[in-house]
Amino acid sequence: MLLDNLNNKQKEAVEYIGGPLLVFAGAGSGKTRVLTHKIAYLIEQVGLLPENILAVTFTNKAAQEMKARVVDLVNVNISGINIGTFHSISASILRKEIKHLGYNNDFTIYDQQDSKAVVKMVIKELNLDLKQYDPKTYQYKISSAKNLLQTTDYIEKSAVNVNDERFAQIYKRYQEILKTNNCVDFDDLIILPIKLFKDFPNRLEYYQNKFKYVLVDEYQDTNKPQFEFIHSVSYKHKDIFVVGDDDQSIYGWRGADISNILNFKEAFGEAEIIKLEQNYRSTKTILEAAWTVVSKNSNRAEKKLWTENVSGDKIKLISSYDERSEAKDILKSILEDKVDFKDISILYRTNSQSRPIEDELRRGGVPYQIIGGVKFYDRKEIKDILAYAKLIVNESDSISFNRSINFPIRGIGKTSIEKINQMANNANVSCMKIIQDVENLKVGLKQKKGIKEFNELISIYKQRSLKENGSIVIKDLLKDLNLKKYYEKQSTIEALDRWSNIEELITSMSEYEDNNEDKSLSKYLEEVSLLTDIDNWNSDNNSVTMMTIHSSKGLEFDCVYVCGLEDGLFPIIRLLEDNDFEEERRLFYVALTRAKVKSILSYAKSRRKFGGEPVITAMSRFVKEIPEELLDQPSYQIKKESRISLKTQNTNSNINISRGSTVEHKVFGRGKVLNVEGMGENSKITILFVNNVTKKFIFKYANLRIL
DNA sequence: GGCGTTTTCATTTGT
DNA sequence: TGAAAACGCC
């Protein structure tokens, strides 16, 4: 194996064996190269078997890529290697071990929506007011507690007031229901293995022996349970290698603990630390800008990236009138630059920013892909089908029961469902169990019939799923449910769209079966619940890639647009809360360092939230932190500047218009104002014209003459 | 009781 | 803008 194409530091990191090793790997410093070479080195030089290596990455895509690159480097079959995300590795451990913890091997995984539904159920069950006890807040509280490894008992004991006690009660009941439902949430996936290791030392020993060498990517984003997990399996042999960059720690809100990386030495003892500071990705200009910004943070390990790359272009700064024109300006810039679409990425702070940009790109004929936002598997129609699949695999799953019992409509409404749930909760059994005894349910005759049919349907498909491929079973189920007709009957574009999404789901199921050993429905569901949008990203398509900055971590593009750089949006500012600007700044650092050649920043001077009234915004403080000499304003912007100020001047004059005023419009002629919503130039005006046509305008665009 | 329609309300980031 | 709650009709 060749280590020749590694620099000295990288080589050192690969060859260091026998004890904990922390590598600070700055953006673009060849981190993945080190990781893959290290794994290859362990196999070829040290003689470790692939199955004795555990490598944890951030996304499934990164895992696949890493595996592929190791395959290229070594001459042995590495199919037994354990490469995956924390969640997927843990899920496969639990699939084998969870019976020790009192769950059944066919457990299913609850996503956020599902677990929110459980929280809501608990709050209702405890007779608490849903307005006062917001399910989302409590879901968040439960997740935070779990991320701090605080058990229900701990919360209960440490409660100091009624509120804490309530929370303990909710948390406890939530966990109980999950167990009854034979389900785990995302946090449980990591926490339950830790519990297993604690309560069953021989299981811990087994995994300590199995995972003889442990590698962790993106170590700065690990949270307490994740730390505990890798610490447990590795502290005996101490053969652990972690790579990370504290400057790129952007998941604090999810419990990621930056001190995991900053205190690595304390946690593992005698650790070797290597810093990779040569950057192979970006131009000098981009690196300089990124460094100036991130060095404003106080809580960071001192380091500075350098590069042999050229200085390159200045960073382009686009300022636009509002989010629409920001999108237009981005489109214009993309067309002007003549960079291949596939080498362009547009990054933003929040998913909702994608819409206007999407609209413009579509109009401009620029192909694009969006990562994130409403995920395919989160769509209502997909969740409806997956609920059936989950229920077939795991009949205890009451949330999936609730989703499917009246879809498509079987005449079993809210009241009946509530009754079933109540009985299930009282007896601490699943809803499916309750409906086995239909006759004793206090529901109407029509409802009983529907429930009976549903019960039979599930049990038939349960039987079939034990023998047949999931895709075939679900395909037949769809036929039984007559879903195609159901959507076609609605004959709206949306409904037809939904049906084609369902068809796509079936395709994905059979594709999965073609490519995987374990073809069970349960394994498919596990895979799907842990899939992120980025895992399906096709980087070969010649299209612009749009995503949040969070999703972009680890990726690189020739040309990167970072948009919506306004104070309040990026950095995001929540009123009445502690705002962690350091994390936001790191996020900006991540955004900047995605670019190899061109970096373009943009902001809008006003922005509408949820399509309402525009709010005046100010340029992000982060842009101001970039040295001015590294920034450049595009030429066409200067002309536009004057246009904007003109427009602003014109419309800032008092608008003397109200209900009942008579106005004249160039096209529609005279009319009477029926309604005025909002104030000033952005107010929406409803006008009834002389020809009896009613129209709604935004004042500043309507060009009205007030008579 | 069920079901379609209207109103409300809330939007960071994601495994 | 979009989902979930509230409302009101069958």
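Lys238 counts as partly exposed, because 15 C-beta neighbours lie inside 10 Å of it. In this predicted model, Lys238 sits in the loop between α11 and β7, and its phi is near 60°, a positive value in a residue other than glycine.

- Most residues other than glycine have a negative phi, and most peptide bonds are trans.
- Glu218 is not a glycine, yet its phi is positive, at about 50°.
- You can find Glu218 in the loop between β6 and α11 (224–234).
- Is Glu218 buried or exposed? Glu218 counts as buried, because it has 25 C-beta neighbours inside 10 Å, and a residue needs 20 or more for that label.
- The peptide bond from Phe407 to Pro408 is cis, with omega near -10°, and Pro408 belongs to the loop between α18 and α19.
- Another cis peptide bond runs from Phe570 to Pro571, with omega near 5°; Pro571 is in the loop between β15 (557–562) and α27 (581–592).

**The whole chain**

- Chain A contains 30 helices and 24 strands.
- Of the 707 residues in chain A, 41% are buried.
- Among contacts in chain A with a separation of 6 or more, 74% join residues 24 or more positions apart.

- Strand β2 (residues 53–57) runs parallel to β6 and is joined to it by four bridges, with Val56 opposite Val216.
- Strand β7 (residues 240–244) also pairs with β6 in the parallel sense, over three bridges, and here Leu215 stands opposite Phe241.

**A seven-stranded sheet**

- Seven strands form an open sheet with parallel pairing, in the order β13-β14-β12-β15-β16-β11-β19.
- β13 (368–370) and β19 (631–632) are at the edges; each has a single partner strand, so one side of each is left without a neighbour in the sheet.
- Two bridges pair β19 with strand β11 (residues 315–320) in the parallel sense, and Ile315 stands opposite Leu631 in β19.

**Around DNA strand B**

- DNA strand B is surrounded by 31 residues, and the closest are Phe186, Gly413, Thr415, Thr532 and Phe610.
- The elements giving two or more residues to the surface near DNA strand B are α19 (414–427) and α26 (549–552).
- Which of the elements gives the most to this surface? That is α19, with three residues.
- By class, the surface near DNA strand B has 18 polar, eight nonpolar and five charged residues.

**A look at helix α19**

- At 1.5 Å a residue, the 14 residues of α19 should span 20 Å, and this agrees with its end C-alpha atoms, which are 20 Å apart.
- Ser416, Ile420, Ala424 and Asn425 are buried in α19.
- An α-helix has 3.6 residues a turn, so residues three or four places apart point the same way.
- The cover over the buried residues of α19 includes α5 (112–125), α18 (398–404), α20 (431–435) and α21 (445–467).
- Turned away from the buried side is a face of α19 that carries the exposed residues Lys414, Thr415, Glu418 and Asn426.
- Just after α19 comes Asn428, with a positive phi of about 55°.

Technical notes
Residues numbered from 1 in each chain as written. Chains lettered and ligands numbered in written order. Predicted model: local features only at pLDDT ≥ 70, side-chain atom pairs only at ≥ 80, totals over all residues. Buried ≥ 20, exposed ≤ 12 C-beta atoms within 10 Å, placed from the backbone. Contact = placed C-beta atoms within 7 Å. Pairing = 2+ DSSP bridges. Near = placed C-beta within 6 Å. Nonpolar A, V, L, I, M, F, W, Y, C, P; charged D, E, K, R; others polar. Expected span 1.5 Å × (residues − 1).
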